[in-house]
Amino acid sequence: MKSKFNELLNSETPVLIDFFAEWCGPCKMLAPILKQVKEELGEGIKIIKIDVDKNQQLAAKYQVRGVPTMLLFKNGKQVWRQSGVVQKNDIVNSIKSN
């Protein structure tokens with residue numbers, strides 16, 4: 001699992017990680033927005049949802065203190081980070097500018 005995750009982060013296709021929790025209201029608001037981002041960018045982005053309650057070590061590794069928190073990786077490097085609900089256009093613009 002770990003090597004697969006690192007392999008994914010190191011891909012040339014940008015990877016957006018959405019750290020969320022089942023009990024988190026704003027996370028539920030963000031889910032359809034991320035779906036729209038995926039629809040707009042298609043193969044140009046990979047979106048992964050990570051439940052912080054089930055993956056506490058990963059959340060700690062990336063210092064996720066609140067949910068939702070999104071991290072954008074390109075070629076293994078974190079190029080963008082944002083906490084809270086973000087509108088689709090802001091997410092798309094951040095992905096395109098990185």
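Guide: Let's start with cysteine 24, which counts as buried because its relative accessibility is 3% (buried means under 20% relative accessible area, exposed over 50%, partly exposed in between, with a 1.4 Å probe and protein chains only). Before going on, a word on the source: this is a predicted model, where local features need pLDDT of at least 70, side-chain atom pairs count only at pLDDT 80 or more, and totals for chains, interfaces and linings use all residues. Residues are numbered from 1 along each chain as its sequence is written, and side-chain values use heavy atoms, with hydrogens and water left out.

Back to the spot: cysteine 24 sits in the loop between β1 (15-20) and α2 (25-41); helices (H or I, at least four residues) and strands (E, at least two) are DSSP runs, numbered from the N terminus. Setting aside neighbours within four places in sequence, cysteine 24 touches Val67 and Pro68, where contact means heavy atoms within 4.5 Å. Valine 67 is 43 residues away from cysteine 24 in sequence, yet their C-alpha atoms lie 7.1 Å apart.

Now zoom out. Among contacts in the chain between residues at least 6 apart in sequence, 69% join residues at least 24 apart. Four helices and four strands make up the secondary structure, in the order α-β-α-β-α-β-β-α from the N terminus. Of the chain's 98 residues, 39% count as buried. As for extent, the C-alpha atoms fill a box of roughly 30 × 30 × 20 Å along the principal axes.
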